[in-house]
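Dear colleague,

I am handing over a structure that I would like you to look through before we talk. Please open it first, and then read my notes beside it.

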Amino acid sequence: MKRVLTAALAMSLTIGMVGCAGAASAANQGKAEGKTASAETKDSAKKEKTEKKQEDKPADLPAAEQPYERAISKEDVQEMTDEEVQSRAKEMGYDEVTKNADGSYTLSMNVETTNKKIKEVKSQMDEAIKEIKSGKEAVKAVKDIAVNDYSKEMKITVEKDQLSQEDEHHLSSLTVGMSAIQRLLGKEDKDVDAKVHFVDSKTNQIIKTVTYQDLIANSEQ
């Protein structure tokens, strides 16, 4: 079988791993209730409302300032023909495909296309998170997922006693989406530092942090 997907060509499809992260569910956060009569309590409620609004504000989506470029070695494409490489790269959103003298390829996206791809990955991450929180096969341990930075980290609030090792592994694969955005922003694979923090719903303390590099290392074992 031909190696159609190489590490470089598969860049825009890595988010697909998130779709396999499994479903997970969470109880919707209840809204604060209660009315108060004193001015002090009203001020406190107003402050809480402001803080809540800030927490609910969507995380900023980083933007690329330069074209994205990826190199593929001759060994990576193996038996693929030039036409197949060109076609596959175009399907994945690359604007240009250049074959080099040594048989390798250079794939590139202009800034506009790169930012469009970042938005696509973010959209797929949002869909994955929605499925994790309220999908048909939701993981009961998950109570909430907060994205601090789509390109770097997120917090997953869980019921510690219900979180299985399998659930943890699946949820950690959300770093794949963040890693794709980091690469689109110009980071090398070895420098990707996407993180998922697992937070205990009872103590609100981080009980474990898993990085994209951890995920890759475990998959190679």
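Below I describe a sheet, the helices that go with it, and some salt bridges.

Please keep in mind that this is a predicted model.

I would begin with the open sheet, whose four strands follow the order E4-E5-E6-E7 with mixed pairing. Strand E4 (142–149) and strand E7 (206–211) are at its edges, and because each has a single partner strand, one side of each is left without a neighbour in the sheet. On average, and with direction ignored, neighbouring strands of this sheet are turned by 20° against each other. In general, the strands of a sheet pair through backbone hydrogen bonds, and they may do so in a parallel or an antiparallel way. Here E4 and strand E5 (residues 153–158) pair in the antiparallel sense, over six bridges, and Asp 144 has Thr 157 in E5 as its bridge partner.

Two helices lie across strands of this sheet. Helix H5 (residues 111–134) lies across E4 and E5 and runs at about 160° to E4, while helix H7 (residues 175–184) lies across E4, E5, strand E6 (195–200) and E7, running at about 145° to E6.

Next, the salt bridges, of which the structure holds 11. In one of them Asp 189 is joined to Arg 70, with the closest N and O atoms 2.8 Å apart. Since Asp 189 lies in the loop between H7 and E6 and Arg 70 in strand E1 (residues 68–72), the pair ties together parts that are 119 residues apart in sequence. Asp 189 is partly exposed, with a relative accessible area of 32%, whereas Arg 70 is buried, at 12%. A network of salt bridges links Arg 70, Arg 183 and Asp 189.

Another salt bridge joins the side chains of Asp 144 and Lys 133 (3.4 Å, N to O); as Asp 144 lies in strand E4 and Lys 133 in helix H5, it ties together parts that are 11 residues apart in sequence. A further one, between Asp 126 and Lys 122 (2.7 Å, N to O), has both residues in helix H5, four residues apart, or about one turn of the helix.

Finally, which residues of helix H6 (residues 165–172) are buried? They are Asp 167, Glu 168, Leu 171 and Ser 172, and because they cover an arc of only 130° around the axis, they are on the same side of H6. On the other side of H6, Gln 165 and Glu 166 are exposed.

Note on methods:
Residues numbered from 1 in each chain as written. Predicted model: local features only at pLDDT ≥ 70, side-chain atom pairs only at ≥ 80, totals over all residues. Heavy atoms only, no water. Buried < 20%, exposed > 50% of the residue type's maximum accessible area, 1.4 Å probe, protein only. Arc of directions from axis to C-beta. Pairing = 2+ DSSP bridges. Axes fitted to C-alpha atoms, helices over the stretch in contact; angles between N-to-C directions. Contact = heavy atoms within 4.5 Å. Salt bridge = Lys/Arg side-chain N within 4 Å of Asp/Glu carboxyl O.
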